[in-house]
Amino acid sequence: MVDFENRNIECEVKGHAVIQADLRLIELLIDNLVMNMAKYAADDSHASIEIDDDQIVFSNKMACAIDCEPSELWEPLKKGNTARTGHTGNGLGLSIVRKIMGLSDLTGEITIQDGNFIVEIVFKK
């Protein structure tokens with residue numbers, strides 16, 4: 001949360017759900033997605049995590065546009081913008097999330113809407 005505070009990003013978390021999954025894997029999935037939000041959200045913006053019985057949706061205003069199809073970001077070593085500077089990382093975060101989804105019987109989608117980066121993780125019943 002320090003990264004959010006330092007860049008004046010308000011992060012709102014709404015809702016709750018109970019899912020059957022490995023706690024360590026789900027914590028890693030959420031940690032990767034929150035770190036991704038903190039790293040690539042626009043300064044002085046709003047981010048949200050919305051949870052219900054069917055899904056969890058991570059959304060943040062993007063600091064810069066991506067230069068690939070959103071679905072390509074699930075691939076290992078893929079970064080959304082090769083011109084980004086000042087960001088460390090190896091492009092593995094979202095591929096780790098995808099692997100955890102597969103192991104946890106979850107599905108997901110990455111979309112861009114009105115300058116917002118959105119990751120939707122769907123809980124299968």
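The second largest pocket holds about 260 Å³ of space. A pocket here is an open set of points on a 1 Å grid over the protein atoms alone, where a 1.4 Å probe fits and protein lies on both sides within 12 Å along at least five of seven lines. Grid points are joined across faces, edges and corners, and the volume is the space filled by probe spheres set on the points.

This is a predicted model, where local features need pLDDT of at least 70, side-chain atom pairs count only at pLDDT 80 or more, and totals for chains, interfaces and linings use all residues. Residues are numbered from 1 along each chain as its sequence is written, and side-chain values use heavy atoms, with hydrogens and water left out.

Back to the pocket. Its lining is made of 15 residues, and Ile19, Ile26, Ile30, Ile56 and Phe123 lie nearest the centre. A lining residue has an atom within 4 Å of a point. Two or more lining residues come from each of α2 (23-40), β2 (46-51) and β5 (116-123), with α2 giving the largest share, four residues. Helices (H or I, at least four residues) and strands (E, at least two) are DSSP runs, numbered from the N terminus. By class, 14 of the lining residues are nonpolar, one is polar and none is charged. Nonpolar covers Ala, Val, Leu, Ile, Met, Phe, Trp, Tyr, Cys and Pro; charged covers Asp, Glu, Lys and Arg; the others, Gly among them, are polar.

Now the sheet. Five strands form an open, mixed sheet in the order β1-β2-β3-β5-β4, where pairing requires at least two DSSP bridges between two strands.

Contact means heavy atoms within 4.5 Å. Axes are lines fitted to C-alpha atoms, for helices over the stretch in contact, with angles from 0 to 180 degrees between N-to-C directions. Helix α3 (residues 93-103) lies across β4 and β5, at about 145 degrees to β4.

Last, the cysteines. There are zero disulfides, a disulfide being a pair of cysteine sulfur atoms within 2.5 Å. For Cys11, the nearest cysteine sulfur is that of Cys64, 19 Å away.
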